[in-house]
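Please read the following note alongside the sequence and the model.

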Number of protein chains: 2
Amino acid sequence: LDYQHVQVPFEITLWIMLASLAKIGFHLYNKLPSVVPESCLLIFVGLIMGGIIYGLNDKSPPVMDSDIFFLYLLPPIVLDAGYFMPSRPFFENIGTILLYAVVGTIWNVFGIGFSLYGICQVKAFRLQDVSLLHNLLFGSLIAAVDPVAVLAVFEEIHVNEKLHILVFGESLLNDAVTVVLYKLFRSFCEMPTIKSVDVFAGVGKFFVVGLGGVLVGLTFGMTAAFTTRFTKDIRVIDPLFVFLYRYLSYLTAEMFHLSGIVAIIACAMGMKRYVEANISLKSHTTVKYFMKMWSSVSDTLIFIFLGVSTIGENHEWNWPYICFTVIFCLIWRALGVLVLTFFVNRFHVNTITSKDQFIIAYGGLRGAICFSLVFLLPDFHRKKLFIAATTVVILFTVFIQGMTIRPLVDLLAVKRKRESAPTVGEQIHIRFLDHLLAGIEDISGHWGQYYWKDKLEYFNSKYLQKILLREYDQPKSSIVLLYEKLERKHAIELAEAGQLGHAPSHPSLLNNDRTVITDKKLEDTLNPDVLENIQEILARNLYRIRRTGPAYNRHTLPGETEPVEHAKEILILRHKSV
Amino acid sequence: LDYQHVQVPFEITLWIMLASLAKIGFHLYNKLPSVVPESCLLIFVGLIMGGIIYGLNDKSPPVMDSDIFFLYLLPPIVLDAGYFMPSRPFFENIGTILLYAVVGTIWNVFGIGFSLYGICQVKAFRLQDVSLLHNLLFGSLIAAVDPVAVLAVFEEIHVNEKLHILVFGESLLNDAVTVVLYKLFRSFCEMPTIKSVDVFAGVGKFFVVGLGGVLVGLTFGMTAAFTTRFTKDIRVIDPLFVFLYRYLSYLTAEMFHLSGIVAIIACAMGMKRYVEANISLKSHTTVKYFMKMWSSVSDTLIFIFLGVSTIGENHEWNWPYICFTVIFCLIWRALGVLVLTFFVNRFHVNTITSKDQFIIAYGGLRGAICFSLVFLLPDFHRKKLFIAATTVVILFTVFIQGMTIRPLVDLLAVKRKRESAPTVGEQIHIRFLDHLLAGIEDISGHWGQYYWKDKLEYFNSKYLQKILLREYDQPKSSIVLLYEKLERKHAIELAEAGQLGHAPSHPSLLNNDRTVITDKKLEDTLNPDVLENIQEILARNLYRIRRTGPAYNRHTLPGETEPVEHAKEILILRHKSV
């Protein structure tokens, strides 16, 4: 037995496997996921596992490594979130989201930091050795809403799209602010004296970190789109580039101390449109599927690790500090949302209702990012207190808020997400209105979002598409694209239907099958009626002796060859049938 | 700048990225890949990169780490090879393959080892300090044909399927023999005296290592099939299990010193059938695509690293020893193939022709496995000589043999692979003959391959399918399955055709598109004819106001919902059109 040799990959594989099996386990009982959010269950599993490890070894179980979290677990989730983010509501509400993410987070950091400092002055609590800077540092890590936790809960409660994007967008974009404030306070803690220059440099950093992230992301996104122009002969590595460039954008941003989350989102949103047009349909399915799979696994692992890491002796249980942290987190967030929304509502026609405000404030869940940041703190005598407070805040928000938010949404009758996606008619009307508004804005000289959107679209079709798209010589009008999209969807539905075998037109075939396993027995058991049916089906569909099973070659995938000829065949068939 | 922090993932990502870009580069020029095999070009790129690193740093570039090779780079390639291996020709020739893999490899090991020991006795060569055991150890690592190198070359020359599977199957299955002999001789080298018990234990190990690998693989394969029964509600993690279980089978086998390659192949072949039936079509596309992508990247990285590692000061250039190694490798392989084929041909109707024998002998390429094994040798004073000899053998086989094998195949007019896959009619006849032969074997009391295949099939449908398949309550006859397969293929072709936009029935649409970019301008430029055409297409296909763009949810993929209802719609449409 040579365990040492395979230890690293073996343990990683086992962890992933266990996480996936836990996921399957929950979904086997349909009632459980509808009451308790998956994140709570996973943390619970983690707690049990941590308890077992603690009981067996009699020492604290291993803590989730911050490097592993930031380098390997977080990127897939953000990548998935950025790629599938509905871009229209995001850009429509970008102002509000930025206000919440930047001003709101700063408000929370200083609010929580100063009020906790106030608590520290109470002699009875024995906290006088915690300085203001340390409180602010703690505030900077505990204030940020966590995208992983928010996603896990908000996806299950199906609130309306605007509400979803406000909370989720904030949780993503506040990364830039958190990074800056956290690093600023941490370096202040280590400096003997703080000059006012340092404070101003900190303010300047906001813009560098945020905009730098966007720039890095867009650069990699455009490069990725450009690269996929040339992968026509080697389709198999199409999806690879999508993943590689995004991951590189994240790593590059992290390397330069910019916001990795912002970079990866900018990269995903920038590349999506061109990459989708350049890569093949199958590559695209793979990209989408793999992204979902990866983020799902990362997400599961994060919550399990969170549970495991909670167990142990890393905590200093000073209850007044911990309780006041939870209370201040709730109060300052609620106040911040109220004040900011007041200003937002003055400048918008579609105001944010008070119910929505409540859900936004209540949905400010904390998660693994705080947890990793608190472990990254330099060693000082109150670190264990901060760890304990962070753990309690995370568990409180994920368990109490996460589990009660769904009943509250029901109780308040918050506007839900429309179950059905918009129809073709609606989509056409929306596009028409966009063009109309762009025209009105242009005439009235108001440079609003429609004006900029129109300009961007013009720039895109005039310059970017020529460089980034492979088949630019055939730009297609939206109607033709829509037709093709519907045609593709139709085809895939056909395929799914065929696979599922629910086809109601030949139930006779399916019913008779129970006894028919090999070809030999087929003719004995099928009655003439069914045989005729089969013959008819075959005659209609096998219009030409089809070639099944493509020639074996490692660098190509089945079904890639001769699409043009096949297309012709199909169209001939189609014309005949009409 | 904080490079340390992101170094590991950043460098891995960059290497993969460079490898992929190199691949794209080759395929941009169509002529290059048709003359030189990709593997040669990649090694060449590696040599240049190694030279640059050597020139800049003035020290040997880093050598490919054996652990990285065996734990991370090799498994994806073997996984892909095992999954896409045509199982019929493999099992039809399993006896011949095993003979080549086991007896042939042992023959080569001892042949090369003893004759090199003979060379070492010549005083002029100054090699008298290389013992017989060391020569045999060297023989054990240099004798094995390398699956990665064989795949890379044989896939491009398209010889007939039997020839391909003979060489490729041998290269995969000889892993068990190589592992045993290599470890045996290595431990003998370190032992003071060798008892005859040790030799017998070594012989027994063959069976343990090989059959143990098969057992581990099949166990994991069956577990994987069983697990995918329960993933219905969380489709996104379907593909994960396929990869995880296979990788676990490899790691487990390696952990117990069994043959990891044999295990992963047994696992892939064992699970394939059930997993394909259990997981969704999209999951399956993802699995296939990702496997191809991964193996393609691994393969590229291996050859580039091979090139990089060649440069440096690890070599002792004793030319007589090196030259004789190359010569003996060629001679003993040729002799082995001749002798073994003589016996094989006596028991088979379909004999292996002398041309085929030549290609089998000539196709015995060595590759990265030898290279990694030679670096794993314990330090002794002639290790650098062995490294030099291995490097030369690999470069000789990959460059000289790899580049000349295609012209030789042309010159000898070796039977090629049939370009077209078998038609439905042929497939039905093949199946019919299988059943017939199984019956004949049963009557005549001869337990041949058809007899066992029939028994296995019976066991499979009677017991295994009930346990491992999700929808076992609806077993389908082969004709219905074939119909469904064709229907699916048809659908996917439709989709591809739609995407490629080569549809010849509405060229007018495509031609007019050059000027039509936004909706606004559409109606101005389209003539009434085209408009009518569009209306007709839309009327025929938009039979119901379709819903486009599925509701946003992170744990599901678009198009997963309501397949039954969609299927009904489609069938109604279909019936109307007929």
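**Note on the model**

1. The buried residues of helix α16(A) are A:Ala368, A:Ile369, A:Cys370, A:Phe371, A:Ser372, A:Leu373, A:Val374 and A:Phe375. Buried here means under 20% relative accessible area, exposed over 50%, and partly exposed in between (1.4 Å probe, protein chains only). Since eight of the eight residues of α16 (residues 368-375) of chain A are buried, this helix is largely enclosed by the rest of the structure.

2. The model is predicted: local features need pLDDT of at least 70, side-chain atom pairs count only at pLDDT 80 or more, and totals for chains, interfaces and linings use all residues. Residues are numbered from 1 along each chain as its sequence is written, chains are lettered from A and ligands numbered from 1 in the order in which they are written, and side-chain values use heavy atoms, with hydrogens and water left out.

3. Chain A contains 24 helices and zero strands; these are DSSP runs numbered from the N terminus (helices: H or I, at least four residues; strands: E, at least two). Of the 578 residues in chain A, 54% are buried. The chain exposes about 25600 Å², of which carbon and sulfur atoms supply 66%; the area comes from the Shrake-Rupley method with a 1.4 Å probe.

4. Contact means heavy atoms within 4.5 Å. Among contacts in chain A between residues at least 6 apart in sequence, 81% join residues at least 24 apart.

5. Helix α1 (residues 3-28) of chain A packs with helix α11 (residues 238-255) of chain B at an angle of about 150°, their axes 10 Å apart. Axes are lines fitted to C-alpha atoms, for helices over the stretch in contact, and angles run from 0 to 180 degrees between N-to-C directions. α1(A) and α11(B) are therefore roughly antiparallel, a label for angles over 145 degrees. Residues making the contact include A:Phe10, A:Met17 and A:Leu21 of α1(A), and B:Phe241, B:Leu244 and B:Leu248 of α11(B).

6. Is A:Lys23 buried or exposed? A:Lys23 lies in helix α1 of chain A and counts as buried, at 1% relative accessibility. The C-alpha atoms of A:Lys23 and A:Tyr362 are separated by 26 Å, and the two residues are 339 residues apart along the chain.

7. A:Ser115 belongs to helix α6 (residues 94-120) of chain A. A:Ser115 is buried, with a relative accessible area of 16%. Leaving aside neighbours within four places in sequence, A:Ser115 is in contact with A:Phe328 and A:Trp332.

Conventions. Parallel < 35°, antiparallel > 145°, perpendicular 65-115°, else oblique.
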